[in-house]
Amino acid sequence: MVKATAYAVSSTTAPFEKVVIERREPGPTEVLFDIKFAGICHSDIHTARGEWSPATYPLVPGHEIAGVVREIGSAVTKFKPGDRVGVGCFVDSCGDCDECRAGEEQYCTNDDTVWTYDSIGRDGKSTEGGYSTAITVEQDYICRIPDALKLDVAAPLLCAGSTLYAPLKRWGAGLGKKVAIIGMGGLGHMGVQIAAALGAEVTVLSQTLSKKDDGLKFGASHYYATSDPAAMTSLRATFDLMVSTVSATTDMDSYLDFVKVGGVLVNVGLPEDPLTVSAEALGDKRKILAGSTIGGIAETQEMLDFCAEHGLAAQIEIIGGEDITKAYDRVVDSDVKYRFVIDTATFDA
Ligand code: NAP
Ligand code: ZN
């Protein structure tokens, strides 16, 4: 066993505490890598606070992981010690169903997707995530971080980048398309950058105009406050594609109102309570309401390469292990620009 230092919570309300966890020695096709940076995704918070369902405690969250390979198993062909690597939201799947074979392991039809934390791995143990100094993962579930991307700003791409890249590509964001990103937090600020780099005309819908300058800098052409009724009225039937990254329950009918005839509203936010939508808002003008969950491994690699090529990265605030508890409250208050990233070098201080 390999010891790693980690930060864990022991209940829905407990603060993060430093703990020592054990990672397995790499099996023949597994890679042990040193985690350098881990992003804080809002999903970590929903999970730690038991907002979706009861979690298993102690819980070590973190699925935006960037690091450097320490050791490889005897049959590993894809990586070698010293390689810069990343792991996102899942670490295993059945590998055999149509979806896994198509590179969409996150939709494994055998329901064998093993999430990076709070899931049961093939060894029968609960998985533990990236707020730790090392992790052992099967080589097929690891991405390569391009040299052009620094590890700290690359970490959030493993979830936030992938989660926005997948629906933007699937639903055709590109030249001549009007795309709206709803909510400019961790996911949203990557969505703006990626949609703009794909060639779309991008609009941000945020609660206020306080982040407008940043939104325009990220590549948006327009930025509106959802609290401004006149601006919202002017946006009726405007967008080919909208992606909602909102972490709270919001009014889907009003967003659908901004979609063009036959256009698409993709929801990726995962609030605690169900979203409601009226049949009228959906049927009126043949609109499509869709969902999406991260991207597969191949698509996540494609996204990392795309970001490197286009000079895109997360805008981050680096914190130490002792700051995680406070950072959670700030994320919930929408007080982060735009991703907290934990520097694991602070763990052994
Ligand atoms: P985040 O950084 O907290 O961003 C969420 C944004 O939503 C906030 O910045 C805010 O944007 C907006 N928002 C928050 N409360 C709101 C409210 N009451 N009304 C309207 N807008 C509100 O969170 P994140 O890490 O980007 O994650 C966003 C959501 O996506 C979470 O629910 C997370 O669990 C989920 N998620 C889903 C996937 C997937 O695969 N589907 C992957 C990762 C995360 P403004 O300040 O601009 O208004
Ligand atoms: Zn995430």
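In this predicted model, a backbone N or O atom of Ser 292 lies 2.9 Å from a nitrogen atom of ligand 1. Further backbone contacts involve oxygen atoms of the ligand. A polar backbone atom of Met 184 is 2.7 Å from one oxygen atom of ligand 1. For Gly 185, a backbone N or O atom lies 3.4 Å from an oxygen atom of ligand 1. Taken alone, ligand 1 exposes 920 Å². The protein buries 90% of that area.

The shell around ligand 1 holds 29 residues. His 42, Met 184, Ser 206, Lys 211 and Arg 339 come nearest. By class, 16 residues of the shell are polar, 11 are nonpolar and 2 are charged. Helix H1 (42–48) and helix H5 (186–197) each supply at least two shell residues. The largest share, 3 residues, comes from H1.

Cys 41 and His 63 are both buried.

Most peptide bonds are trans, and most residues other than glycine have a negative phi. A cis peptide bond joins Tyr 57 and Pro 58, with omega at about -5°. Pro 58 sits in the loop between H1 and E4. Another cis peptide bond joins Lys 337 and Tyr 338. Its omega is about -15°. Tyr 338 belongs to the loop between helix H11 (324–332) and strand E17 (339–343).

Ser 334 is found in that loop between H11 and E17. Phi of Ser 334 is positive, near 55°, although the residue is not a glycine. Ser 334 has 41% relative accessibility and therefore counts as partly exposed. Ala 237 also has a positive phi, of about 55°. Ala 237 is placed in the loop between helix H7 (229–234) and strand E13 (239–244). With a relative accessibility of 44%, Ala 237 counts as partly exposed.

The structure holds 7 aromatic pairs. In one of them, the ring centres of Phe 90 and Tyr 141 are 6.1 Å apart and the ring planes stand at 75°, so the pair is edge-to-face. Phe 90 lies in strand E6 (residues 90–92) and Tyr 141 in the loop between strand E8 (134–138) and strand E9 (143–144), so the contact ties together parts 51 residues apart in sequence. Phe 90 and Tyr 141 are buried.

Phe 218 and Tyr 338 form an edge-to-face pair, because their planes meet at 80° with ring centres 5.3 Å apart. This pair links distant parts of the chain, 120 residues apart. Phe 218 is in the loop between helix H6 (212–217) and strand E12 (222–225), and Tyr 338 is in the loop between H11 and E17. Phe 218 is buried, with a relative accessible area of 10%. Tyr 338 is buried at 1%. Tyr 338 thus takes part in the cis bond with Lys 337 and in the ring pair with Phe 218. Elsewhere, Phe 16, Tyr 131 and Tyr 328 form one aromatic cluster.

Terms used: Residues are numbered from 1 along each chain as its sequence is written. Chains are lettered from A and ligands numbered from 1 in the order in which they are written. This is a predicted model: local features need pLDDT of at least 70, side-chain atom pairs count only at pLDDT 80 or more; totals for chains, interfaces and linings use all residues. Side-chain values use heavy atoms; hydrogens and water are left out. Helices (H or I, at least four residues) and strands (E, at least two) are DSSP runs, numbered from the N terminus. Buried means under 20% relative accessible area, exposed over 50%, partly exposed in between (1.4 Å probe, protein chains only). A residue is near a molecule or strand if one of its heavy atoms lies within 4 Å of it. A polar contact is a pair of N or O atoms within 3.5 Å; within protein, one must be able to donate a hydrogen and the other to accept it, and residues adjacent in sequence count only if both atoms are side-chain atoms. Accessible areas come from the Shrake-Rupley method with a 1.4 Å probe; for residues, only the protein chains shown count as cover. Ala, Val, Leu, Ile, Met, Phe, Trp, Tyr, Cys and Pro count as nonpolar, Asp, Glu, Lys and Arg as charged, and the others, Gly among them, as polar. Rings of Phe, Tyr and Trp (its six-membered ring) pair if their centres lie within 6.5 Å; planes under 30 degrees apart count as stacked, over 60 as edge-to-face and the rest as tilted.
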